[in-house]
Amino acid sequence: MSDAPHRVEELRAEIRLYDHHYYILDAPLIDDAGYDELWRELERLETEHPDLVTVDSPTQRVGAPVSELFSPVQHLRPLFSLDNAVSTDELEAWEQRMERMLGRSPEGYVCEPKVDGLAVVLTYREGVLEVAATRGSGEVGEDITANLRTLSSVPLRLLGDAPSLLEVRGEVYMTLDGFDELNRSRREAEQPTFANARNAAAGSVRQKDPTVTASRALEIWVYQAGVLEGGPSLRRHWEVLDYLQSLGLRVNPGSIPAPGLGEVKAYVKKMLDEHHRLPYQTDGVVVKVDSLADQDELGATARAPRWAVAYKFPPEERVTTLRGIQINIGRTGAATPFAVLEPVFVGGANVGMATLHNEDQVHQKDVRVGDRVVVRRAGDVIPEVVGPVLTPGKDRAPPWEMPKECPFCESPIERPEGEAVARCTRGLTCPSRLREWLFHFSSRGGMDIEGLGYKTVDMLLRDGTIKGPADVFFLGPEHFEERQGWKDKSIQNLLEGIDAARRRPLWRLLVALGIRHVGPGGARLITARYRSMDRIAAATEEDLAAIDGIGETIAGSVTEWMDDPDNRELLARLGEGRVSLADPEPAEEIPQTLSGLTLVVTGGLESMNRDGVQNAITARGGRAVSSVSSKTSALVAGASPGASKLAKAEQIGTPILTEEQFLSLLEQGPGGILPDRV
């Protein structure tokens with residue numbers, strides 16, 4: 001007991017400070033996960049020591065103070081916070097608490113994506129928007145009516161037979177594409193960037209000038225009716241969502257009804273696996289009891305309803321200390337800075353290093369050794385440093401500068417005029433460049449040699465067994481038999497992988513060679529026109545640039561690479577290693593049914609694998625690209641398509657084809673399948 005009063009006061013002071021920066025200044029000092037840990041600790045201590053609970057404790061009120069920048073708005077009903085769950089065990093404990101109160105299980109649930117934005121309240125009288133407000137303290141918010149009227153997804157008048165009074169709760173968010181574009185433009189204007197899409201949304205909504213709000217990529221999802229008068233009699237939350245949607249309000253299509261906790265758990269798992277593909281930022285799932293009668297009977301604590309819980313995903317942003325900044329040298333010589341961090345658990349993994357992208361990004365973000373920094377890791381994405389969390393008045397280290405010499409070969413590092421990247425000048429004799437090139441050469445995106453990863457590459461480079469990519473195809477059992485950890489089966493598997501690589505399509509070899517600016521798409525287009533390395537080497541820059549989708553930059557890079565005597569020697573040695581340097585000629589000429597078309601394929605197709613799809617498109621004169629844009633002729637949607645690509649296609653009016661329509665397009669071209677504008 002002796003330390004509890006002191007720790008409780010410490011926690012309250014910290015939480016008050018973080019609340020002020022988060023809600024009032026829109027400048028968080030701590031990540032959500034760290035804040036939640038402090039909150040849980042305070043709740044635990046107050047539960048264990050009820051005599052320490054005071055009326056001014058953060059746990060005894062719903063939200064934060066209201067800013068003086070906007071007029072106050074009294075909500076018709078208080079808005080509560082949500083209790084959190086971070087495991088299925090906690091979901092089960094939540095259900096058990098409700099079962100004890102109800103004497104039975106609740107009558108079903110509704111699951112909704114937990115959108116990470118700014119909570120707002122819209123009030124409609126006789127179907128007309130009267131006022132829009134922030135959540136604020138939960139009882140009093142800020143008047144942001146003029147700003148939210150600029151959002152096209154906020155109806156100014158409801159559709160159909162509107163109720164006499166409707167107070168609806170929702171979340172204003174910024175699309176991820178819009179967030180990236182906003183930060184890009186702010187960097188160009190030398191303005192501070194936003195740390196995440198949530199902060200950007202909050203900052204955009206709480207503007208004195210509504211035209212600023214109107215210029216940002218903001219949308220809204222509504223998720224609950226706080227007050228409903230003069231409308232239909234509804235019994236379930238799912239019916240409420242249907243009704244709100246019928247009025248023209250935007251309800252998240254990712255929400256589902258769930259009969260029991262088993263279906264809730266399955267939805268949580270599905271969202272955990274797929275939420276990175278959504279076009280907006282989410283940090284969990286909100287689970288609500290479906291029956292409104294059950295909700296009324298369960299009621300609420302002083303802070304949160306008992307009938308709802310927020311299942312929080314593992315934190316994707318955390319704050320930690322930047323211990324140092326070092327550089328890595330890639331296969332093209334690019335010097336890429338990376339952060340050495342105080343290890344932190346983020347995005348489901350312990351992270352000790354994170355990318356800083358390039359020299360300009362380090363300066364624009366102004367991160368320095370010793371700073372507390374925000375680190376982001378979403379899914380399998382490489383961890384990155386978002387920016388610093390600065391404490392006013394605290395001394396900082398000097399700004400970071402790019403080293404003058406390569407740390408691996410001591411050659412000068414230079415930044416060519418007009419380029420964003422500094423490079424090691426030594427060439428592929430730099431140990432780091434050679435290592436990265438060999439790994440790229442054998443990777444799935446290149447020659448796809450199973451078993452030839454960094455560990456094996458490092459081992460073979462260390463003792464001089466290989467000195468370049470062609471040497472891989474001269475390896476035999478004798479190069480591995482005496483090595484520790486190498487058994488007959490592992491040797492056989494690697495050699496079989498190398499043998500399979502000898503027969504890869506020509507475009508894979510072109511990518512594996514590491515020619516600057518040449519990716520899979522460009523390589524497919526070039527090899528579809530020139531079916532052998534000899535023909536590619538003989539083609540002029542003008543010939544290559546004339547291929548639709550190639551252009552001068554790629555053409556110049558290819559001809560420059562082919563003109564280098566060392567590279568010609570490499571191709572000859574690859575040929576000696578029995579690597580295929582030409583694709584077989586087609587049995588008959590393939591009709592160019594897709595000439596001039598650009599296609600994006602998402603999800604799996606039953607009739608062919610991903611390589612087959614790409615080959616089918618390029619062989620018929622089309623272009624296969626990875627992202628939807630205004631130049632995309634059509635999106636082909638197979639099984640389990642990417643939600644963000646579908647949403648983007650629907651937003652800009654790109655035709656969406658089934659697999660059957662795609663096969664017809666391959667056969668007969670766009671006539672009767674795609675609109676005339678294509």
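This is a predicted model: local features need pLDDT of at least 70, side-chain atom pairs count only at pLDDT 80 or more; totals for chains, interfaces and linings use all residues.

Visitor: Start with Ser 81. Why is Ser 81 counted as buried?

Guide: Its relative accessibility is 13%, and buried means under 20%, so Ser 81 counts as buried. Ser 81 is found in the loop between β1 (72-74) and β2 (83-85).

Visitor: What makes the pairing of Ser 81 with Arg 135 a polar contact?

Guide: The two side chains come to 2.8 Å, and the cut-off for N or O atoms is within 3.5 Å.

Visitor: And Ala 202, buried or exposed?

Guide: Buried: its relative accessible area is 0%, against a limit of under 20%. Ala 202 lies in helix α6. Leu 118 is 84 residues away from Ala 202 in sequence, yet their C-alpha atoms are 5.6 Å apart.

Visitor: What does helix α6 lie across?

Guide: α6 (residues 197-205) lies across β4, β7 and β8, at about 125 degrees to β7.

Visitor: How do you know that β4 and β7 are paired?

Guide: Pairing takes at least two bridges, and β4 (residues 118-125) and β7 (residues 165-174) have eight, running antiparallel. One example is Ala 119, whose bridge partner in β7 is Glu 171.

Visitor: Why are β5 and β8 called edge strands?

Guide: The open sheet has four strands in the order β5-β4-β7-β8, with antiparallel pairing. β5 (128-134) and β8 (218-229) each have a single partner strand, so one side of each is left without a neighbour in the sheet. On average, neighbouring strands here are turned by 25 degrees against each other, ignoring direction.

Visitor: Next, α8. What makes you say that its buried residues line one face?

Guide: The buried ones are His 237, Val 240, Leu 241, Tyr 243 and Leu 244. Looking down the axis of α8, they fall within an arc of 165 degrees, so they line one face of the helix. Among the elements covering them are β3 (109-115), β10 (282-289) and α10 (292-298). Helix α8 (residues 237-246) itself lies across β7 and β8, at about 120 degrees to β8.

Visitor: Why is β11 described as largely enclosed?

Guide: Five of the five residues in β11 (residues 308-312) are buried, so the rest of the structure largely encloses this strand. Ala 308, Ala 310 and Lys 312 are buried on one side, and Val 309 and Tyr 311 are buried on the other.

Visitor: Last one: which residues touch the most other members of the largest nonpolar core?

Guide: Phe 473, Leu 513 and Leu 574, in a core of 50 residues. Helix α15 gives the largest share, six residues. Setting aside neighbours within four places in sequence, Leu 574 is in contact with residues including Phe 441, Ala 470, Val 579 and Leu 581. There's also a second, separate core of 36 residues, which includes Val 110, Val 120, Phe 179 and Ala 202.

Visitor: What tends to happen to nonpolar side chains in soluble globular proteins?

Guide: They tend to be buried together.

Terms used:
Residues are numbered from 1 along each chain as its sequence is written. Side-chain values use heavy atoms; hydrogens and water are left out. Helices (H or I, at least four residues) and strands (E, at least two) are DSSP runs, numbered from the N terminus. Buried means under 20% relative accessible area, exposed over 50%, partly exposed in between (1.4 Å probe, protein chains only). A polar contact is a pair of N or O atoms within 3.5 Å; within protein, one must be able to donate a hydrogen and the other to accept it, and residues adjacent in sequence count only if both atoms are side-chain atoms. A nonpolar core is a set of buried Ala, Val, Leu, Ile, Met, Phe, Trp, Tyr and Cys residues joined through side-chain atoms within 4.5 Å. Contact means heavy atoms within 4.5 Å. Axes are lines fitted to C-alpha atoms, for helices over the stretch in contact, and angles run from 0 to 180 degrees between N-to-C directions. The arc is that of the directions from the helix axis to the C-beta atoms.
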